[in-house]
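Reader: I have just opened this entry and would like to learn how to read it step by step. Could you take me through it by question and answer?

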Amino acid sequence: ALRVAKKYGFEADLPKEAVAQLATVTAPAPIPADTRDLRHLLWSSIDNATSLDLDQAEVAERLPDGSIRLLVAIADVDALVAKSTPLDVHAQANATSVYTGIEVFPMLPEKLSTGLTSLNENEDRLALVIETVVDEQGEVQKHDVYRGVIRNQAKLAYDDLGAWLDGGPPPAKVAASPALQEQVRLQSEAAQRLKEQRGRHGALEFDTIEATPVAKDGQVVDLALTRKSKARDLIEDFMIASNIAIAVFLESKGRSGIRRVVREPERWSKIVDLAKQYGTALPVTPDSRALAQFLIARRTADPVRFPDLSLTVVKLMGPGEYALDMPGKDPGIHFGLAVHDYSHATAPNRRYADLVTQRAAKAALAGADAPYSNDELAAIAARCTEREDAATKVERTMRKIAAALLLAHRIGEVFDGIVTGVSDHGTFARLFHPPAEGMVVQGQHGLDV
């Protein structure tokens, strides 16, 4: 993992100047007197069971008119990692945390990202709070952004919470607290409203295979699938709403920022041809609503092969990128989410673009000068895009290495799977368990998708 990370240009070790700065950081950031005290609210976080770098916590309130007020607290990383300090320079160089399943290469050292800047359970933490009011139709009636201090009262995990929301037994922390049960169900209701509203606007729903290596005692013992659930959907829906809110907030203040953009697919004609193979006629010009309906129909008709179709469409759409966002000048839409105003702001411990956006929002709240010029923002956006692509290559390479290590001792065994592709480059298949993919090199003749 270290070799592959270095191959793609990631700095795995802190420079000595950053090490010296880190030694001086010994406590969470002090709480300014004018910060809103929100510690009395029943905040909780939802993440992977093993995650310790908690960027986000949530709480919701039902209003008299049936609307739901959603508060999403984002860790105030900037309070301990100031712009242009050695730790910040190192974070900008890598621009993202890299998760290989075997090893995590954090953008910020763990003393911060899993400690002093993480929204850890039962710890007081400074946060940038994003407020969104959602009516019964899923329409957002209000956005607000302010600084606050919170206390995360329950660190919850996707899998256990998702199983409960789907009708299974509640996790221990949820079972022990009727108030927390009510709170999570209210959050789930808000998330469902937001999801349905995005669906009406043409947001795309994919289901790609994400296999994470599982290691024990230095050996790869499994490949674990990341499965969609109501708990994951909840956090995804809240992140999307909050990232939209920050972009709208900066625009309202006349401030520049960094926008997350997925442009209209240049290879739309290829997507049209793909849909024809399934008897569906898509419009000749890019249309997210029509594509969304096609994907919904295919998921229902063939759920086993839908992840492979999802991956094909994702590749044809092209990658996302970061772009300079100046007031009154739209840098482009997020085609997959069917929205125009979209930033990345909810993971400042893990992504540098989010930390930059946090600084811009805090400056706007304080009425202070913008922390970055437009030229600086454009350069940071380009760097974040390039490093994100590199991180994807590291993670993809490590999944292949892990699959090879896992299967090396199982030659001769028989597995169930499906053929996912046949071309001049070869015949490719995906096993169901373990979820490994590769080229068929024996007996491939006559196989088809």
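Author: Let us begin with a definition: a residue is called buried under 20% relative accessible area, exposed over 50%, and partly exposed in between, using a 1.4 Å probe and protein chains only. The model is predicted, so local features need pLDDT of at least 70 and side-chain atom pairs count only at pLDDT 80 or more, while totals for chains, interfaces and linings use all residues. Residues are numbered from 1 along each chain as its sequence is written, and side-chain values use heavy atoms, with hydrogens and water left out.

Reader: Is Asp-217 buried or exposed?

Author: Asp-217 sits in the loop between β9 (211-216) and β10 (219-225), where strands (E, at least two residues) and helices (H or I, at least four) are DSSP runs numbered from the N terminus. Its phi is positive, near 55°, although Asp-217 is a residue other than glycine. Most residues other than glycine have a negative phi. Because its relative accessibility is 73%, Asp-217 counts as exposed.

Reader: Ala-95 has a positive phi too, so what is its relative accessible area?

Author: Ala-95, which is not a glycine, has a phi of about 70°, and it lies in the loop between α3 (86-94) and β5 (98-99). Ala-95 is buried, because its relative accessible area is 4%.

Reader: Which elements do the buried residues of α3 pack against?

Author: In α3 the buried residues are Leu-87, Asp-88, His-90, Ala-91, Ala-93 and Asn-94. Packing here rests on contact, which means heavy atoms within 4.5 Å. The elements that these buried residues pack against are α2 (16-24), α4 (110-116), α12 and α13.

Reader: How are α12 and α13 oriented relative to each other?

Author: Helix α12 (residues 352-366) and helix α13 (residues 374-407) pack with their axes 9 Å apart and at an angle of about 155°; axes are lines fitted to C-alpha atoms, for helices over the stretch in contact, and angles run from 0 to 180 degrees between N-to-C directions. Angles under 35 degrees count as roughly parallel, over 145 as roughly antiparallel, 65 to 115 as roughly perpendicular and the rest as oblique. The angle therefore makes α12 and α13 roughly antiparallel.

Reader: Which residues of α12 and α13 make that contact?

Author: From α12 come Tyr-352, Ala-353 and Val-356, and from α13 come Leu-377, Ile-380 and Cys-384.
By class, this contact has six nonpolar, no polar and no charged residues, where Ala, Val, Leu, Ile, Met, Phe, Trp, Tyr, Cys and Pro count as nonpolar, Asp, Glu, Lys and Arg as charged, and the others, Gly among them, as polar.

Reader: How far is the backbone nitrogen of Tyr-322 from a polar atom of the side chain of Thr-385?

Author: Thr-385 belongs to helix α13, and it counts as buried because its relative accessibility is 14%. Not counting residues up to four places away in sequence, Thr-385 touches Gly-320, Glu-321 and Tyr-322. The distance from the Tyr-322 backbone nitrogen to a polar atom of the Thr-385 side chain is 2.9 Å.

Reader: How many residues of strand β4 are buried?

Author: Strand β3 (residues 56-62) is joined to β4 by seven bridges and runs antiparallel to it, two strands being paired if DSSP finds at least two bridges between them. β4 also pairs with strand β7 (residues 124-134) in the antiparallel sense, over eight bridges. Strand β4 (residues 68-75) is largely enclosed by the rest of the structure, because the number of its eight residues that are buried is seven.

Reader: What separates the C-alpha atoms of Leu-186 and Ile-68?

Author: Leu-186 is in helix α7 (residues 178-201) and is buried, with a relative accessible area of 11%. Leaving aside neighbours within four places in sequence, Leu-186 is in contact with Ala-60, Glu-61, Arg-62 and Ile-68. Leu-186 and Ile-68 are 118 residues apart along the chain, and their C-alpha atoms are separated by 8.1 Å.

Reader: In what order do β13, β14 and β15 form their open sheet?

Author: The edge strands are β13 (417-423) and β15 (437-440), since each pairs on one side only. Four bridges join strand β14 (residues 426-431) to β15. The pairing is antiparallel, and the order is β13-β14-β15.

Methods:
Polar contact = N/O pair within 3.5 Å; in protein donor to acceptor, adjacent residues only side chain to side chain.
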